[in-house]
Each structure stands twice: as structure tokens, then as C-alpha cells.
Amino acid sequence: LPRTSISWDEFKRIMRDHDVKPAAVKAKAAAMFPGQHDVAALSDQERGDLMRKVWAPSPWMVDAYTGGVDNERSREILHWCYETFGPQASPIHDKPGRWQRGGATIYGWTWFGFSTREEMDQFVAHWPTPEGIERTA
């Protein structure tokens, strides 16, 4: 089953262990989101505050296997979430919602957050990790 939470320290460890280059991430983010804040330049306290703001509406989190960001499984999961839970939340843009997908997919794994444990459990029951898939991190 997917894990139900991940700490900031564990996220940083995954980024380090998989040799994710902060400069490359920053350059890609700058190109994708011109005019947005440089999250890497924030202090640990500021990053923590931002993470709390982003995930507060959907604190029941699961690290789900999507297989990637642009494949059939990922699209099916998103369609199912929209049909089941309604519009996706975007707290930093003041858009309410009962669920949200994380902005990063690492080796096929993506965070999904839900407003209640029941919603998270419903997601996990409907989208179990495919047989034969194991975490690499």
C-alpha cells in the first residue's frame, strides 16, 4: 500500500539520494512559473510555512504510484479524483477543494492529499499500487 505521509526531512533525503540538482529544478520552475517565488531561496521556516499553507486543506496524504506525469494511469487517476471529489484544491491560489495532487512526481510516485481520512482511504482502495511495483527510494 502507498505510504500515508512523508516528512520534510525525508523529502530532502529523497532529493539528495536521487541526485536531484536544485539548480535544474529552479531553472525548470522559473521557466514554467515566471514571476513565482523562488522556493529554494526561502528559509526553512518560510518553506515550512508554505508547505503548511499548501497542504492544510488536504492533510490526509498518500504517496501514490502514478507511473509518471503524462501517462494513462496518471490521467485516469486525475479524472477519477475530479469525478469523485470535485475540483482540485489550490490553496496558494485561494481555490478550495477536497483533494490535490502534489507538484512533483519522483520515479513514478506522486503525493495526493485529501480533506478527510475517508477520502484518502477511498482513493487507496480504488488506486492500489500495481502488482510488481516496488518503491526505489
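Q: In what order do the three strands of the open sheet lie, and with what pairing?
A: In this predicted model, the three strands form an open sheet in the order E1-E3-E2, and their pairing is antiparallel. Strand E1 (60–65) and strand E2 (99–106) are the edge strands, each having a single partner strand, so one side of each has no neighbour in the sheet. From one strand to the next, the twist averages 20°.

Q: How many bridges pair E1 and strand E3, and which residue stands opposite Trp109?
A: E1 pairs with strand E3 (residues 109–114) in the antiparallel sense over six bridges, and Trp109 in E3 has Tyr65 opposite it. Helix H5 (residues 117–126) packs on the sheet, where H5 touches E1 and E3, and the direction of H5 makes about 10° with that of E1.

Q: Is Thr110 buried or exposed?
A: A residue counts as buried when its relative accessible area is under 20%; Thr110, which is found in strand E3, has a relative accessible area of 0% and is therefore buried.

Q: Which residues does Thr110 touch, leaving aside those up to four places away in sequence?
A: With those sequence neighbours not counted, Thr110 touches Val62, Asp63, Ala64, Thr66, Arg101, Gly102, Ala104 and Thr105.

Q: Which side chains make polar contacts with the side chain of Thr110?
A: The side chain of Thr110 is joined to that of Thr66 by a polar contact of 2.9 Å, and the side chain of Thr110 also makes a polar contact, of 2.7 Å, with the side chain of Thr105.

Conventions. Residues are numbered from 1 along each chain as its sequence is written. This is a predicted model: local features need pLDDT of at least 70, side-chain atom pairs count only at pLDDT 80 or more; totals for chains, interfaces and linings use all residues. Side-chain values use heavy atoms; hydrogens and water are left out. Two strands pair if DSSP finds at least two bridges between them. Helices (H or I, at least four residues) and strands (E, at least two) are DSSP runs, numbered from the N terminus. Axes are lines fitted to C-alpha atoms, for helices over the stretch in contact, and angles run from 0 to 180 degrees between N-to-C directions. Contact means heavy atoms within 4.5 Å. Buried means under 20% relative accessible area, exposed over 50%, partly exposed in between (1.4 Å probe, protein chains only). A polar contact is a pair of N or O atoms within 3.5 Å; within protein, one must be able to donate a hydrogen and the other to accept it, and residues adjacent in sequence count only if both atoms are side-chain atoms.
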